[in-house]
Amino acid sequence: GPRGLIVPSLTVESRSGDESEKSTASAGSDKDLAWDEALSDDEAAIRSVPSSPKREPAKQLKPEAVDVATSSEEDDSSSSDESSSDSDSDSDSESSESEDDSLTSAEKARNRLYKRRHAAAEKQKKMESFRAPVVCVLGHVDTGKTKILDKLRHTHVQDGEAGGITQQIGATNVPLDAIKEQTKMVKEFVKFDLRLPGLLIIDTPGHESFSNLRSRGSSLCDIAILVVDIMHGLEPQTIESLNMLKKRKTPFIVALNKIDRLFEWKRNPQSSIKNTIAKQKQHTQLEFQERVQEVLVQFAEQGLNASLFYENKDQRGYLNLVPTSAISGDGMGDLIALICELSQKRLAPQLSYCTEIQAQVLEVKSVPGLGMCLDVILVQGKLRENDTLVLCGTNGAFETAVRALHMPQPMKEFRVKNAFQQHKEVLAAQGVRICGKDLEKTLAGTPLMVSYHPDEV
C-alpha cells in the first residue's frame with residue numbers, strides 16, 4: 001500500500017534530474033513500470049519539459065502502483081523489460097519530432113504541398129479513363145529500332161539520318177485508329193476491348209556513346225520494346241539496355257527483328273506471324289528455330305526465361321519474343337497488339353489518368369522562329385498555356401511561364417522538322433514542345449513541375 005503511493009513522487013524527482021537519489025535496482029524498475037504504464041502519449045511529450053510536474057497523473061497511478069507492489073518478483077523482471085521498450089518508443093517519437101523541428105520552413109511547406117496535391121490527385125483518379133502508355137524502344141545500334149517505327153508510321157525517318165544512325169531521342173504519338181489498322185490481321189486482337197487512347201512511342205539511340213540518352217528514355221516509360229537482331233543475338237548495348245530495364249523493373253517485350261534475312265523467307269504481312277512461319281519452307285523453319293534457340297540461351301545466360309509469344313503459357317515468368325521484320329512488315333501487327341493487350345491488362349492502375357503532373361525534359365534546343373524550346377514528355381496530368389513551370393536550371397531551380405505549346409501531328413516524328421500544331425492545353429501522355437522565357441538554363445533529363453498556387457514556388 002504505502003510503497004505504491006510513494007512511486008509518483010520518487011519517479012518525478014528522478015525525471016527532473018536528481019539521478020543521484022535513486023533507490024535500489026528492483027525498486028527502481030517497479031517505479032519506472034508504474035510511471036511508464038500510466039503515461040499517455042500526450043503526457044509523454046510533456047515529460048521532457050523541466051518544469052514542475054502536475055499532480056493529475058499521480059491520481060491515476062494509485063491503483064496501478066498498488067497492483068505493481070503486490071506482484072511477484074518474476075513479474076517485476078518482465079515488466080522492467082516492457083518499461084525499457086516503452087521508453088525506447090518514447091525516445092523514437094521524440095527523435096522524429098526533433099527531425100521535424102530540424103526541417104526549414106520551406107521544406108515543411110514543400111512536404112505539406114506534396115501531400116496535399118498527391119491526396120487530391122489520388123481522389124480524382126479513375127480506373128475507367130486510361131492515358132496512352134509510354135513505350136520505349138531500346139536495343140543495339142543497327143538492329144532496326146527506327147525502321148520498325150518507320151513501318152508503323154509509313155515514314156522514312158531512318159533514311160534521312162546522318163549515317164542512318166539515330167543521334168537524339170524522338171517521340172511519336174500513335175492514335176487509336178492507326179493501332180486498329182495495323183493490327184487488323186491479328187484475329188484474336190480484333191475482338192479485344194481496347195480502351196487505350198493510343199500509344200506514345202519513344203525512339204532512343206543504340207550507339208555506344210548515347211548511354212545517357214538511353215537511360216533518359218528508359219526512366220520514364222511504362223513498357224519497353226527490346227529490339228534484338230535474330231542474326232546476331234544479344235549485343236553489348238542490348239545487354240546494357242536489358243540491365244537498365246531490370247534495374248527499374250520495367251516490363252518489356254523482345255522484338256526478334258530481321259527475320260526476312262532468313263534464307264528464302266517469303267513475306268506475308270497481311271497474316272499473323274505464326275501463320276507466316278508455318279507457311280515457310282522446311283529449311284527456313286529449321287533455321288528460324290536454330291536462331292531462336294540461340295537467343296533463348298543468351299537470355300538464359302542473363303538470368304531470364306524467354307519464349308515465343310504464341311507458345312508462352314506463363315506470361316509472368318517468361319519473356320515474350322515476337323518475330324518481326326521492319327522491311328517486309330511481318331509480325332508488326334502482333335507486336336503492337338501484344339503491347340496494347342499487356343498494357344491494358346497488367347498496367348491498368350499505372351495507366352489510369354491522374355491530374356498530378358509527371359513530366360520530364362528530353363531536350364533543350366533552339367528552334368528558328370520560336371527561340372529556345374523544351375522537348376518534354378508529359379506522362380501524367382495536363383499542361384496549359386500561361387502555366388507557371390518550375391524547372392531545374394544550371395544555377396538551381398527557377399520558374400517561367402508557358403508561352404506556347406506545340407505538338408507534332410499524329411503519326412509524325414517529334415525530332416523531324418514538321419508542321420507543328422499549337423494547342424491551348426495538352427493531356428497526357430504526349431510529346432510536347434514548350435516555348436517560354438529563360439529556357440536555355442534548363443538541364444535536360446530533369447523533371448518538370450507546375451505551380452498552381454503562389455505559395456508553392
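Reader: In this predicted model, which residue of strand 16 does T388 stand opposite?

Author: Strand 11, spanning residues 388-393, is joined to strand 16, spanning residues 447-451, by 3 bridges, and the two strands run antiparallel. T388 belongs to this pairing, and the residue of strand 16 that stands opposite T388 is S451.

Reader: Which residue of strand 16 is the bridge partner of A359?

Author: Strand 16 is also joined to strand 8, which covers residues 358-367, through 2 bridges in an antiparallel arrangement. Within strand 16, the bridge partner of A359 is L448.

Reader: Which element gives the largest share of the largest nonpolar core?

Author: The largest nonpolar core has 97 residues, and L448 is listed among those with the most contacts inside it, together with L199, F252, F299, L383 and I434. The largest share of this core, 8 residues, comes from helix 14.

Reader: How many of the 15 residues of helix 14 are buried?

Author: Helix 14 runs over residues 332-346 and reaches 21 Å from its first C-alpha to its last, close to the 21 Å expected. Its buried residues include the nonpolar L335, I336, L338 and I339, but also D334, S343 and Q344. With buried taken as under 20% relative accessible area, helix 14 is mostly covered, and the number of its residues that are buried is 12.

Reader: Which residues does F299 contact, leaving aside its neighbours within four places in sequence?

Author: F299 is among the residues with the most contacts inside the largest nonpolar core. Once neighbours within four places in sequence are left aside, the residues in contact with F299 are L226, V228, L234, L242, V254, L304, A306, L319 and L321.

Terms used
Residues numbered from 1 in each chain as written. Predicted model: local features only at pLDDT ≥ 70, side-chain atom pairs only at ≥ 80, totals over all residues. Heavy atoms only, no water. Helix = DSSP H or I, 4+ residues; strand = E, 2+ residues; numbered from the N terminus. Expected span 1.5 Å × (residues − 1). Buried < 20%, exposed > 50% of the residue type's maximum accessible area, 1.4 Å probe, protein only. Pairing = 2+ DSSP bridges. Core = buried A, V, L, I, M, F, W, Y, C linked by side-chain atoms within 4.5 Å. Contact = heavy atoms within 4.5 Å.
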